[in-house]
Amino acid sequence: MSIVAPRSAVPQTTIVQVVAVPQPDGQGYAIRSFPERIMVDSNDAVLIFQLVEPTPDDVGFLPPTITPPGQDQFSTLAISRDGKRLIMSDLDSVAGIYHLLLRVQDSAGTIASHDPEVVNRPDTVA
C-alpha cells in the first residue's frame with residue numbers, strides 16, 4: 001500500500017526580487033534598480049527590494065511613497081534591521097501602473113530617491 005500526500009490547496013507565492021544600487025554621484029546618490037520596470041502577474045506576490053554591493057555600508061532604505069495615493073494593492077511594508085531589504089506584498093487584483101518612490105538615507109542624513117514602476121497584470125487564469 002502506498003500513501004500519497006494530498007496536493008496542497010495553498011497557492012504558491014510569487015517572489016519578485018528587485019536589486020537597487022545607490023552610488024555616490026557628487027551631489028548625493030544616483031540609484032539604479034534591476035529590473036527598472038517591475039512586472040507583477042500573480043495575486044499576492046511578495047516584492048523584495050535589496051540594496052546590493054557596491055552600496056555603501058551606511059546606506060539603508062526609508063519607507064517609500066506609493067502613487068497613486070489611496071491605492072489598496074500594497075501591504076504594510078517591512079524594512080530589515082540593517083536597512084538593506086524592503087519587503088511588501090502586492091495584491092495584484094487591479095491592473096495598473098504604480099510608482100514607488102524608493103528612498104535611501106546614509107548616516108550623514110543624505111537622502112536620495114528612485115522611482116521604479118510596478119505594473120500589475122492580474123492573473124486571469126481560473
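Tutor: Let's start with a term you'll need all the way through: a residue is buried when its relative accessible area is under 20%, exposed when it is over 50%, and partly exposed in between (1.4 Å probe, protein chains only). You're looking at a predicted model, where local features need pLDDT of at least 70 and side-chain atom pairs count only at pLDDT 80 or more, while totals for chains, interfaces and linings use all residues. Residues are numbered from 1 along each chain as its sequence is written, and side-chain values use heavy atoms, leaving out hydrogens and water.

Student: Okay. How many helices and strands are there in the protein?

Tutor: Helices (H or I, at least four residues) and strands (E, at least two) are DSSP runs, numbered from the N terminus. Here you get 0 helices and 10 strands. From the N terminus on, the elements read β-β-β-β-β-β-β-β-β-β.

Student: What percentage of the residues of the protein count as buried?

Tutor: 33% of the 126 residues.

Student: Now the pairing. What is the order of the open sheet?

Tutor: The general idea is that strands of a sheet pair through backbone hydrogen bonds, either parallel or antiparallel. Two strands pair if DSSP finds at least two bridges between them. In this structure, an open sheet of 5 strands has the order S2-S1-S4-S7-S6, with mixed pairing. Its edge strands are S2 and S6 (78-79), each pairing on one side only. S1 and S2 run antiparallel and are joined by 6 bridges. In that pair, Pro 22 stands opposite Ile 31 in S2.

Student: And how do S3 and S10 run, parallel or antiparallel?

Tutor: Parallel, with 4 bridges joining S3 to S10. Look for Met 39, which stands opposite Val 119 in S10. S3 also has two faces: Ile 38 and Val 40 are on the covered one, Arg 37 and Met 39 on the uncovered one.

Student: Which residues have the most contacts inside the largest nonpolar core?

Tutor: A nonpolar core is a set of buried Ala, Val, Leu, Ile, Met, Phe, Trp, Tyr and Cys residues joined through side-chain atoms within 4.5 Å. The largest one here has 23 residues, and those with the most contacts inside it are Ile 38, Leu 47, Phe 49, Phe 61, Met 88 and Val 118. At least two core residues come from each of S1 (15-24), S2 (29-34), S3, S4, S5 (60-67), S7 (85-90) and S8 (96-105).

Student: What does Phe 49 touch?

Tutor: A contact means heavy atoms within 4.5 Å. Not counting residues up to four places away in sequence, Phe 49 touches Val 18, Ile 38, Phe 61, Lys 84, Arg 85, Leu 86, Met 88, Leu 100 and Leu 102. Across the protein, residues 24 or more positions apart account for 63% of the contacts with a separation of 6 or more.

Student: Next up, charges. How many salt bridges does a search of the whole structure find?

Tutor: Side chains of opposite charge can pair when their charged atoms come close. For a salt bridge, a side-chain nitrogen of Lys or Arg must be within 4 Å of a carboxyl oxygen of Asp or Glu. The search finds 3. One of them joins Glu 117 and Arg 37 (2.7 Å, N to O). Glu 117 lies in strand S10 and Arg 37 in strand S3 (residues 37-40), so this pair ties together parts 80 residues apart in sequence. Glu 117 is partly exposed at 22% relative accessibility, and Arg 37 is partly exposed at 42%.

Student: What about Asp 82 and Arg 85?

Tutor: Their side chains meet in a salt bridge at 3.9 Å, N to O. Asp 82 is partly exposed, with a relative accessible area of 45%, and Arg 85 is partly exposed too, at 30%.

Student: Where does Arg 121 lie?

Tutor: In the segment after strand S10 (117-120). The side chain of Arg 121 meets that of Asp 41 in a salt bridge (2.7 Å, N to O). This pair links distant parts of the chain, since Asp 41 sits in the loop between S3 and S4 (45-51), 80 residues apart from Arg 121. Arg 121 is partly exposed at 40%, and Asp 41 is partly exposed at 38%.

Student: Which residues does Arg 121 touch, not counting those up to four places away in sequence?

Tutor: Met 39, Val 40, Asp 41 and Asp 92. The C-alpha atoms of Arg 121 and Asp 92 are separated by 6.7 Å, and the two residues are 29 residues apart along the chain.
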